[in-house]
Amino acid sequence: MTFDFDDQVALVTGAGSGIGRATALGLAKDGATVVCLDIAGEQEVAAEIEAAGGKALAVRLDVRDAAGWERVVSDIGERFGRIDILVANAGIAVPGDRPHEVSEEIWDRILDINAKGVWLGMKAVLPMMIARKSGKIVNVASTAAHIGLRDAAAYCASKGAVLALTRQAGVQHAPDNIQINSVSPGTTMTGIQRDVTDEQRAAFMKLTPIGRFAEADEVAAVILFLCSGGSSFMAGADVGIDGGMVAF
Ligand SMILES: NC(=O)c1ccc[n+]([C@@H]2O[C@H](COP(=O)([O-])OP(=O)(O)OC[C@H]3O[C@@H](n4cnc5c(N)ncnc54)[C@H](O)[C@@H]3O)[C@@H](O)[C@H]2O)c1
């Protein structure tokens, strides 16, 4: 599958690994200049893009850093004059995340990175997109926004927030010619699965009718479509990439 992102500038959060890395590589392969933003691995992914002949810039930023967001977007504006695409993908999961056991500190960390980080990213890029009357934002939610996954209380709450915010922002900015949508991946073979126990993995498999877990590239392919001209009539929509988990 090939898209045309020539002359476009895309910013991907959590680009240092997993789904974000696959998305950054895909956007760059199809012509975008990709700003790889992360707290780890962003240099390596930007170097990988450049080694393949693409254009990339590595930026270290914690998505919770509101002032940092303003700085980064202002730098990108000065350097490139535009941001066409934001993929708000950075996220974490923490083991032992049960309603009666998760600590306040972990609850806040999960909500701050997974939900507030998505809002801060949109808040930072939207003024430039509104001014240019053009933009695509793809927020990475999860099946956890749709079903009650075991041991994922704060995680489910954070992804529910991403879904609701995407719906609201999608409606708010549809008249500005900015398409804001989300994806809800099911279990995907990335770093975030590193702390999942064998028991949890077996439970996820039972919930996945397709009978296997996703590769990061399979999730990135749908994100790339939402970043492309093909999504021109989509606003506030969520696309499941879950092997049938939510339909099950
Ligand atoms: N892998 C899955 O099964 C799955 C399923 C559904 C949704 N998701 C979502 O997909 C997204 C990407 O996760 P992944 O599976 O690629 O995992 P991953 O751990 O490989 O990648 C997450 C990336 O986010 C970065 N990150 C974490 N905290 C950050 C912060 N404060 N600021 C900036 N960057 C930060 C990490 O450094 C990492 O590179 C997440 O939002 C996750 O919740 C993953």
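Trainee: What pattern does the protein follow when read along the sequence?

Mentor: Happy to start there, bearing in mind that this is a predicted model. The protein has seven helices and seven strands. Read along the sequence, these elements give the pattern β-α-β-α-β-α-β-α-β-α-β-α-α-β.

Trainee: What radius of gyration does the protein have, and why does that agree with a compact globule?

Mentor: The C-alpha trace spans about 50 × 35 × 35 Å along its principal axes. For 248 residues, a compact globule would have a radius of gyration near 18 Å, and the value for the protein agrees with that: 17 Å.

Trainee: Are H4 and H5 roughly parallel or roughly antiparallel to each other, and why?

Mentor: Good one to look at on screen. Helix H4 covers residues 104-132 and helix H5 covers residues 153-173; their axes come within 8 Å and cross at roughly 15°. Angles under 35 degrees count as roughly parallel. H4 and H5 are therefore roughly parallel.

Trainee: Which residues make that contact, and how do they divide by class?

Mentor: H4 passes H5 in a right-handed crossing. From H4 the contact takes in residues including Ile106, Trp107, Ile110 and Leu111, and from H5 residues including Ala154, Tyr155, Ala157 and Lys159. By class, the residues of the contact of H4 with H5 divide into 16 nonpolar, three polar and one charged.

Trainee: How are H1 and H7 placed relative to each other, and why?

Mentor: H1 and helix H7 (residues 216-227) pack with their axes 8 Å apart, at an angle of about 55°. The crossing of H1 and H7 is right-handed. Angles under 35 degrees would count as roughly parallel and those from 65 to 115 as roughly perpendicular. H1 and H7 are therefore oblique to each other.

Trainee: What classes of residue make up the contact of H1 with H7?

Mentor: On the H1 side you will find Gly18, Ile19 and Arg21 among them, and on the H7 side Ala216, Asp217 and Val219 among them. The contact of H1 with H7 has nine nonpolar, three polar and two charged residues.

Trainee: Which helix gives the most to the shell around the ligand?

Mentor: The ligand is surrounded by 28 residues, the closest being Gly14, Gly18, Gly91, Gly191 and Ile192. By class, this shell has ten nonpolar, 15 polar and three charged residues. The helix that gives the most, with three residues, spans residues 18-29: H1.

Technical notes:
Residues numbered from 1 in each chain as written. Predicted model: local features only at pLDDT ≥ 70, side-chain atom pairs only at ≥ 80, totals over all residues. Axes fitted to C-alpha atoms, helices over the stretch in contact; angles between N-to-C directions. Helix = DSSP H or I, 4+ residues; strand = E, 2+ residues; numbered from the N terminus. Parallel < 35°, antiparallel > 145°, perpendicular 65-115°, else oblique. Left-handed = near helix turned anticlockwise from the far one by under 90°. Contact = placed C-beta atoms within 7 Å. Nonpolar A, V, L, I, M, F, W, Y, C, P; charged D, E, K, R; others polar. Near = placed C-beta within 6 Å. Rg over C-alpha atoms; globule rule 2.2 N^0.38 Å.
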